[in-house]
Amino acid sequence: MTTTLERSRAASAPKDAPEQLRVTDLHAFYGESHILHGVDFEVRKGELVTLLGRNGAGRTTTLRAIMNMVDRRSGSIVIDGRETLNTPPHHIARLGVGYCPEERGIFASLNVEENLLLPPTVRSGGMSLDDIYAMFPNLYERRHSPGTRLSGGEQQMLAMARILRTGADLLLLDEITEGLAPVIVQTLGEVLIKLKTRGMTVVLVEQNFRFAAPLADRHYVMEHGRIIEEISAAELPGRRERLHAVLGV
Amino acid sequence: MTTIFGIPLMVLFGQLLLGLINGAFYALLSLGLAVIFGLLKVINFAHGAQYMLGAFAALLGLEYLELDYWLALLIVPLVVGALGILIERFLLRRIQHIDHLYGLLLTFGLALIFEGTLVNLFGVSGSSYPVPEVLAGGFNLGFMFLPTYRAWVLVAALVVCLFTWFMIESTRLGAYLRAGTENPKLMQAFGVNVPLLVTLTYGFGVALAAFAGVLAAPIYPVSPTMGSSLLIVVFAVVVIGGMGSILGAILTGLAMGLIEGLTKVFYPEAANTVIFLVMIVVLLLRPTGLFGKEA
């Protein structure tokens, strides 16, 4: 498996690709709690970047803040050259952002196909339903089942698949491997490689460092609501020890 | 004369029909309440007043604008629904981020204002609305007499209920509504304009109430308080059916009308309370309602 993954990095984004996402001095609040304390990072088109960190470091909140799903935020979030700090939540997706929440957010009152067709198309160039069923054959077999009757792995596939249909080219994926069997995790890794070769930009919040390491172009390490370190894929081997210490793995 | 348990068959069928007609109104009103509650989580206490506004608008339209019944059936729900849209956009939206109980209080206040204003203008005694000529008269079914207008009410209410149910269960817009009911934040993250969906849903629920009001005008006396007495029963129907369940609201509405009709025949003293007795039993045995999902 590792060899396929290593090879995939050959298709990495060029260093001079334009910025797809730039977050500057981002602060975010839930009620009175101040969760993010000035987050800075940027992602270029076609890159796969991870946000690593312990639970509570602010990784999920960073994604939610980009989606404008927190109570209050300040700083700057530029998506595709456009400042979005004052953009209402339902306009963020239309900038080509696809969000896969940590809890997966599969709708129980909708069957699998309805779940797949639910998010409105935001851009042209999304995958067709046939493409998606080819990538996730299990979903085709269970397309008439209620969304939440699927296994955890299938639900995760569904949560990913439905944002691929919309034409989004910046994917924010929150803990997609959490609690899943190794074989499913491997499938998800293969899916991410396919998405990269399609030129998608991915921000991956991940706990499973061994899953993320071979896939990513760069890693950002978060602690206490800030980015404390940036590590490129090339620097990774020399920094493993330090990273393990920070992540506590 | 044929009898069953000592009750003349004519009387039994007559009461069952009355019950079914009442049930049709319960179904229409509880359907609107359920749709609104599902997405807004607000118990719309103004629902009875909005039903009453429908009936009143039909009556006033006929008197002052010579608006005939069929046009009223089309226009009044649109007008009252538009009023609902304004209520959501400018009042309910302002309090959506705080406890939904405030929504209940707000709509209760609105109901009092609507009723009070109309009592001031027209008094509490009801007026009657003429049955449209095409629907006057009735059929003799042999075992009972069926007034044409009542048959029409039953058919119209059922068609609207089933159409609404179909729209919610089988269309894209309905999928938005169901998903928005479950997780509005995520829907918005997908790019769905949830605030607009909320506004339109409230307007639609209110329009359903006004439609029921126009249907009711030729049967029940049109008075400013006609809605508030009905609303309490409709709340009980929604609780029995299961909060937010669409099909539950429709079927329970019809069933409760029938049960009420039957009680009138066999034990008239309990006719006004039987629905609440059913509610108590259902709440004890199945707290989420007959069609509600287990929490």
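Okay, let's start with a contact between two helices: B:G48, B:A49, B:L53 and B:F56 in α2(B) meet B:L110, B:A111, B:F114, B:E115 and B:L118 in α4(B). If you sort that contact by class, you get seven nonpolar residues, one polar and one charged. Keep in mind as we go that this is a predicted model.

So how do those two helices sit against each other? Helix α2 of chain B covers residues 47-65 and helix α4 of chain B covers residues 101-122, and their axes come within 9 Å, crossing at roughly 30 degrees. The crossing of α2(B) and α4(B) is left-handed.

Still in chain B, there's another helix pair to look at. Helix α1, residues 9-40, and helix α10, residues 246-266, have axes that come within 6 Å and cross at roughly 150 degrees. With that angle, α1(B) is roughly antiparallel to α10(B). And the hand? Here α1(B) passes α10(B) in a right-handed crossing. The contact of α1(B) with α10(B) brings in 20 nonpolar residues, nine polar and two charged.

Now, where do the two chains touch? On the chain B side, 14 residues are in contact with 18 residues of chain A. The elements of chain B that put two or more residues into that side are α6 (172-182) and α7 (184-189). By class, the chain B side comes out as seven nonpolar, four polar and three charged residues.

Which of its residues are buried? In α6(B) the buried ones are B:A175, B:Y176, B:L177, B:R178, B:A179, B:G180 and B:T181. Their cover comes from both chains: it includes α4 (112-117) of chain A, along with α1, α5 (148-170), α7 and α8 (194-216) of chain B.

Over to chain A, and a sheet. This one is open, has six strands with mixed pairing, and the order is β6-β7-β8-β3-β9-β10. Why do β6 and β10 have one side without a neighbour in the sheet? Because β6 (97-100) and β10 (226-232) of chain A stand at the edges and each has a single partner strand. On average, neighbouring strands here are turned by 15 degrees against each other, ignoring direction.

Last stop is β3 of chain A, residues 48-52. How much of β3(A) is buried? Five of its five residues are, and the strand is described as mostly covered. A:L48, A:T50 and A:L52 point one way, A:V49 and A:L51 point the other way, and all are buried.

As for its partners, β3(A) runs parallel to β8(A), with four bridges joining them. One of the pairs there is A:L48 with A:V202 in β8(A). Then four bridges join β3(A) to β9 (residues 218-223) of chain A, also running parallel. For that one, look at A:T50, whose bridge partner in β9(A) is A:H219.

How values were computed: Residues are numbered from 1 along each chain as its sequence is written. Chains are lettered from A and ligands numbered from 1 in the order in which they are written. This is a predicted model: local features need pLDDT of at least 70, side-chain atom pairs count only at pLDDT 80 or more; totals for chains, interfaces and linings use all residues. Two strands pair if DSSP finds at least two bridges between them. Axes are lines fitted to C-alpha atoms, for helices over the stretch in contact, and angles run from 0 to 180 degrees between N-to-C directions. A residue is buried if 20 or more other C-beta atoms lie within 10 Å of its own, exposed if 12 or fewer, and partly exposed in between; C-beta atoms are placed from the backbone. Two residues are in contact if their C-beta atoms, placed from the backbone, lie within 7 Å. Ala, Val, Leu, Ile, Met, Phe, Trp, Tyr, Cys and Pro count as nonpolar, Asp, Glu, Lys and Arg as charged, and the others, Gly among them, as polar. Angles under 35 degrees count as roughly parallel, over 145 as roughly antiparallel, 65 to 115 as roughly perpendicular and the rest as oblique. A crossing is left-handed if the near helix is turned anticlockwise from the far one by less than a right angle, and right-handed if clockwise.
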